[in-house]
Each structure stands twice: as structure tokens, then as C-alpha cells.
Amino acid sequence: MADDPFALFDTWFAEARASEINDSNAMALATVDATGQPSVRMVLLKGHDPRRFVFYTNRESRKAQDLGDGSKAALLFHWKSLRRQIRIEGPVSRVDDSESDAYFASRGRDSQLGAWASDQSRPLADRETFEARFEEMRARFEGGDVPRPPHWGGYRVTPQRIEFWLDREHRLHERRVFTRTGENGWDEGLLFP
């Protein structure tokens, strides 16, 4: 195994992209609100490098409310076909507007329109209401580009801890953990399964 957690992540992620049928970039995002209530949901990894793991969402959603100033989050990748998982923990910060604009422009048009039509995490009386709003957005932006909504953008998790879990027979699993020690340093060790 690599001594650099990001090199190891890249290797495992490449193997997952080659073997997972759907959404190899899917990860569970765990947050905690101001009252200490935890919440977890699936989101899609849209970028990563040695400093961060990036995803995008409506900034008025429940998850975004949990990701306020000074918040921390946990990510979990689980690739059942590979019998592996990766846990990542660290502080969260917003992606700047120019990076959010660039990613939004790369999305499919219907996904862009959906970002305008959805009041994510808010009550919805019926599916028809959402579909009507989607059609309103289609008409509103017909013939032109769809700009990024002001309430939509990216978040980055800066890892302070990364754990690699490998399934082994008889529940004799392998757990390798990296803990950040400075700007570019990591302590590394093993955990009992």
C-alpha cells in the first residue's frame, strides 16, 4: 500500500470507477446541526486533490444549513463489489463562486434547470408542483444559457483523518488510518478490526 493517503485513495477510486456499476463517486455525507442532531445522506464526489474532497448542493438545503461556519463533516465511500470502504473526516468550507460556476456550466441542462426548480429539503405538496416549476424554468431559460442559481454551490471537506477499510475473511478486516500532523504531514497506523 502507498504511504500517501491521497495516492492510495486515487488507486482505490480508479478501481471503483472500473468496477462499480452505478455512481462509483457516491459517498455518504454525515453532518450535525446546531442542536447536535446528526444527519446522513448520499452525495456525489465532484472533485478531489490532496487538499480537499468537493461536492455541490443547494445552499438552502438541510445539509447546507448543517455546514455553517466552523463545521466539520464525515464522508464514507463504500464499494461493496470491491469489499472496501474509505472514511474521511475534516472541516468544511465553501468552494468559491468561480469554481462553482465552472462546475455548474458542465452539468446537463436538465440538471441545471432542476437546481432552479427545487427548494431542496423543503416540504412539497405533490410531484406535479415540482414538475410544473421545472417546466417554468425550462421556459424561462429557453434559448439561452442557464446561469448558476445564487443559492447553489460547492463545499470542500479538508481531510484531517482518512481510514481505509478492506474486508477480509472471518471478519479479520484490515483498517489503515492516516491522521494529518501538519500542512502536508500524516501519521499512519493500523486499527483492530
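Here is a walk through this structure, from the whole chain down to single residues.

The model is predicted, so local features need pLDDT of at least 70 and side-chain atom pairs count only at pLDDT 80 or more, while totals for chains, interfaces and linings use all residues. Residues are numbered from 1 along each chain as its sequence is written, and side-chain values use heavy atoms, with hydrogens and water left out.

Let's start with the overall view. The protein has 5 helices and 10 strands; helices (H or I, at least four residues) and strands (E, at least two) are DSSP runs, numbered from the N terminus. Along its principal axes, the C-alpha trace spans about 55 × 35 × 30 Å. Of the 193 residues, 41% count as buried, where buried means under 20% relative accessible area, exposed means over 50%, and partly exposed is in between (1.4 Å probe, protein chains only). Take the contacts between residues at least 6 apart in sequence: 61% of them join residues at least 24 apart. Contact here means heavy atoms within 4.5 Å.

UniProt, in an unreviewed entry, lists residues 15-139 as "domain: Pyridoxamine 5'-phosphate oxidase N-terminal". UniProt positions are given in the numbering used here, feature names are shortened, and annotations may be inferred rather than shown by experiment. Over residues 15-139 the chain is 34% helix and 34% strand, with the end C-alpha atoms 42 Å apart.

Now for the inside. In soluble globular proteins, nonpolar side chains tend to be buried together. A nonpolar core is a set of buried Ala, Val, Leu, Ile, Met, Phe, Trp, Tyr and Cys residues joined through side-chain atoms within 4.5 Å. The largest one in this model has 28 residues, and Phe-9, Phe-55, Phe-77, Ile-86, Ile-88 and Phe-164 have the most contacts inside it. Elements giving two or more residues to this core include helix 1 (5-19), strand 1 (26-32), strand 4 (52-58) and strand 5 (72-79), along with strand 6 (84-94), strand 7 (152-157) and strand 8 (161-166). Helix 1 gives the most, with 6 residues.

Next, a pair of helices. Helix 4 (residues 109-117) and helix 5 (residues 127-140) pack at an angle of about 115°, with their axes 9 Å apart. Axes are lines fitted to C-alpha atoms, for helices over the stretch in contact, and angles run from 0 to 180 degrees between N-to-C directions. On the helix 4 side, Asp-110, Leu-113, Gly-114, Trp-116 and Ala-117 meet Phe-130, Arg-133, Phe-134, Met-137, Arg-138 and Arg-140 of helix 5. Sorted by class, this contact has 6 nonpolar, 1 polar and 4 charged residues; Ala, Val, Leu, Ile, Met, Phe, Trp, Tyr, Cys and Pro count as nonpolar, Asp, Glu, Lys and Arg as charged, and the others, Gly among them, as polar.

What about the loops? His-151 sits in the loop between helix 5 and strand 7. His-151 is buried, at a relative accessible area of 15%, and it touches Thr-57, Asn-58, Arg-59, Glu-60 and Ala-115, not counting residues up to four places away in sequence.

Pro-50 lies in the loop between strand 3 (47-49) and strand 4, and is exposed, with a relative accessible area of 53%. Beyond residues up to four places away in sequence, Pro-50 touches Phe-6 and Arg-180. Pro-50 and Thr-158 are 108 residues apart along the chain, yet their C-alpha atoms are separated by 8.7 Å.

Arg-83, in the loop between strand 5 and strand 6, has a phi near 60°, a positive value in a residue other than glycine. Arg-83 is partly exposed, at 42% relative accessible area. His-170 also has a phi near 60°, and is found in the loop between strand 8 and strand 9 (174-180). At 69% relative accessibility, His-170 counts as exposed.

Last stop: Asn-184, in the loop between strand 9 and strand 10 (186-191). Asn-184 is exposed, at 70% relative accessibility. From Asn-184 to Asp-167 is 17 residues in sequence and 29 Å in space, C-alpha to C-alpha.
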